[in-house]
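Hi everyone, and thanks for coming. Let me put the structure up on the screen, and then we can walk through it together.

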Amino acid sequence: MTTAPSAATPAEVTEIDASARCSLLLLLGSALAWLVLSGALALVNLVQLNSPSFLAECPVLSFGRTQALQETAFIYGWAANAGLAVALWILGRLGGSPLRSLNWVITGTIFWNVAVTLGLVGIATGDAMAHTWLHLPRYVLPMMLVAYGTIAVSGVLAWTGRRNPMTFAAQWYAVAALFLFPWIFSAAQVMLVFTPERGVLQALVGGWFVQGAWTLWLAPLALTSAYYLVPKVSGRAIPSYDFAALSFWTLLVVGGWTGGRHFIGGPVPAWVASIAGVSCALLLFHYIVVGLNLRAAFSSGGSTVLKFVAFGLGAYVLGGFLDALTAIRGVALVTQFTYFTAAQSQLALNGAFSMMIFGAIYFLVPRITGQAWASSTLIRAHYLTAIIGTTALVAALAVAGWVQGHDLNDPAVTFAVIAGHTKTWLQVATAAQALLVLGNLLLLGHLLKSAVSSLLAPATATFRQPPTMEASVS
Amino acid sequence: MKNGFTFFLGLFLALALAWAGIVLGSHAQLGHLAPYFDENEGKAFPERLPGIAARGQLVYQDLGCAACHTQQVRRPDFGSDKARGWGDRQSVARDYVSQPHVQLGESRIGPDLANFGARPLAVDAERLTQYLYDQHGGMPPYRFLFETRKITGERSATALKVPAAVGMEVVPTHRAQALVAYLQSLNNVYEYPEARPVEPAEEKKEGAAK
Amino acid sequence: MSDQTPIDPRQEQAGASDESLLAAHEKLLGKKPEDGAHYKMLPLALLFVFSGLIFYAGTYLNHYSGHYDPAIFNENAHPSSGAAAAVKVDPMVLGKKNFELVCATCHQINGLGVAGVYPPLAGSEWVNGSEERVIRIVVYGLKGEVSVEGKTYSSAAMPVIGKVTGSGYNWSDEKIAAVLTYVRASFGNKAPPITAEKVAEIHAKEGDRKEWSQDELLKLH
């Protein structure tokens, strides 16, 4: 199936990897630190659901604030940093020349993380805004926008200045994510924070922002990783690649229209929710194509990287189908306003996004540090905690939400009874979240160890020259 | 995808199209929505929040109350909102035009609060203040909205009837008082023309059969 | 993977070089199906799925778009016509409120006026008489002497109430009609109601003018 490496094949690890070491390690290290913090806060949140008086005397960690904190730390701490690191690295490698303006990446990363820290302190002390995914207080927003720009410019330069005129699906997704987020973020800032819209339009802009940030930023970042890793590790070209472009544009064009999917039966004109439901259904085409194109991940042949990606892909496609399902009015009648929505967002964030990015982290860190990971046991342990934790968390929340939704629709069932019905499932979710935090802590430690040893010791990892991929496989 | 400029233009257009459709489209429809002036009553609805209630809305926002409570009633034949006594009609866009920070919420771990001000618990400010202090079912106590202080002269009128050390009293802070005023102000009972229940469109079904 | 050695998760090897990965996919994009025999079923099925989804989307929107009307919150609803949607104003309620707010200052809440200063409305021939005349008085005001039920009142003037230049009130025709209807049906008066259309008609006929005098009005009616 593959030929022996020819003399023309360049080395697997080059200057591209080594030069990006510091900036990418900074991005990844801060990302994982935020992920652990966010996980710990999510754990506090779940404990509070089971025993409401937990930490209730502490105003910084009231239930609502803790939720805002963990969400912000996840999106702007973990997802932004890690997604940028992976996208920059892949754009650099496929572009064929070392990343430029890396000093700006480091500066931007520092300022971004300072802004996120200030934002979290602001939320904890009472400056939070009440928009999902945009709880950040107003004073950190402009700084974040500038910092994001300084990091992302390196990726856009790698794309526009690429040596190789050919492009690949992973690059499309990466460039789209890097380029579109500032527009979405600044439009949402202006319309929600600086010159807020009136009435329900605030909620509508908020809904558009969340769906835009997912379909045009986080999902493309995750797919960058998956589209690169699956053919790269398996050595097999993507089947029905003709559809990759159509699927890409479906996500971009239709994704933004799903913004009204949480407003079914709500105080916005009926067409908003109808269009969102229809768009969720149209996106199924994108999900099907992604699933088919990247199905090689499911026959991983023992590669842990591909196992992570496969789990992420499964979660991504399943999440797409659940979105389309719950955007139908009859289903939303039960799932709306319940833990089921939380299950869906955990499936997307912890299940799809994090898993695909974990895969990329395990693949890229040995290449940029020149050091193999310290322990394969730690990698396996993290893999197990991640898949068990995520599956249990999502399943428990989904069941709890389904029960809660049916109970809510029966006016005879009081809230105390509903709490009793969901208690067991929420306890399962709490345990699952604890497992997730533990696993992510392992990865953080593992990464720090790699980073330290790469500073102290010369490169020891050995990457053999990869074979050449042939066009007409399968 | 090889042509960089076309690619960026495509990306931008994809985003701009959805933004124009969802955000600008609804802005064009609802951006100028005004309170409804009722000639019979000589007032416009919804009424503006009184100053203290507007401050209370900020407390509601910064404590993240929307994490557990929605403020949107679904129509009577869609869910049990009416049967649970949350409101007789569905919430409409006009209900929110006077609110500086709209708190629709996405989760019903606790009950909907869109018309909370009309419920027995909210009518009595003293009882509602006490409610925030105690724990009830799944709702945590909000003790940090209260302060325990020494009684100087007479007991304050706002002091809670809770056990406190000798010579001490538990009083709500300004934030608690503002929050209570805001919760009491939540009442959207005025029936706007667009909020009346509608007959399902019958002739639509014929269209579907064609 | 091309070799049989177990994969070391600590440093996973690549299955293809970046250059060949790019080149291979570039080639795939330009590839055309060679002939009918090798035509793949998968692309066909995907196209069917795509068109099926678009068909579903169109049908759904056709039924549940709420006619893209900002006032429709229930996806099953008709667009309501403007007349049906407007709240019906009760002229007696609106009239009473505005009468008590403005007119009662002089004419008193019981419509009896103040002897020698403000003429009464209860039983007045001006109120219960010609509807056009009473509309003219309220819209444009009345200056100078006026005799009501045989008594002459001269010290106060009826102000301009309608939407006329120099008016201190600028009431709409609907409001004036409601107040007149209320006055003509209260304090023992039993004259028929006055419609907003009638007020609008007089208003349009007279245009912008100064206050009436008693003589002018008596000449007209």
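A definition to begin with: the expected span of a helix is 1.5 Å times one less than its number of residues. Helices themselves are DSSP runs (H or I, at least four residues), strands are E runs of at least two, and both are numbered from the N terminus. Please keep in mind that this is a predicted model, where local features need pLDDT of at least 70, side-chain atom pairs count only at pLDDT 80 or more, and totals for chains, interfaces and linings use all residues. Residues are numbered from 1 along each chain as its sequence is written, while chains are lettered from A and ligands numbered from 1 in the order in which they are written.

Now, helix α1 of chain C, residues 18-30. Its 13 residues should span 18 Å at 1.5 Å a residue, and the end C-alpha atoms are 19 Å apart, which agrees. Which residues of α1(C) are buried? They are C:Asp18, C:Ser20, C:Leu21, C:Leu22, C:Ala23, C:Ala24 and C:His25. Buried means that 20 or more other C-beta atoms, placed from the backbone, lie within 10 Å of the residue's own; exposed means 12 or fewer, and partly exposed is in between. The buried residues of α1(C) pack against α3 (63-95) and α7 (200-234) of chain A.

A nonpolar core is a set of buried Ala, Val, Leu, Ile, Met, Phe, Trp, Tyr and Cys residues joined through C-beta atoms within 7 Å. This one has 243 residues, and A:Ala222 and A:Val309 touch the most other members. Apart from it lies another core, of 30 residues, including C:Val127 and C:Leu180.

On to chain B, which has six helices and four strands. Along the sequence they run α-β-β-α-α-α-β-β-α-α. The radius of gyration, taken over C-alpha atoms, is 23 Å for chain B, well over the 17 Å that the globule rule gives for 210 residues, so chain B is more spread out than a compact globule. That rule is 2.2 Å times the number of residues to the power 0.38. Of the 210 residues, 39% count as buried.

Finally, how do chains B and A meet? The contact takes 60 residues from chain B and 62 residues from chain A, two residues being in contact if their C-beta atoms, placed from the backbone, lie within 7 Å. On the side of chain B, α1(B) gives the most, with 15 residues.
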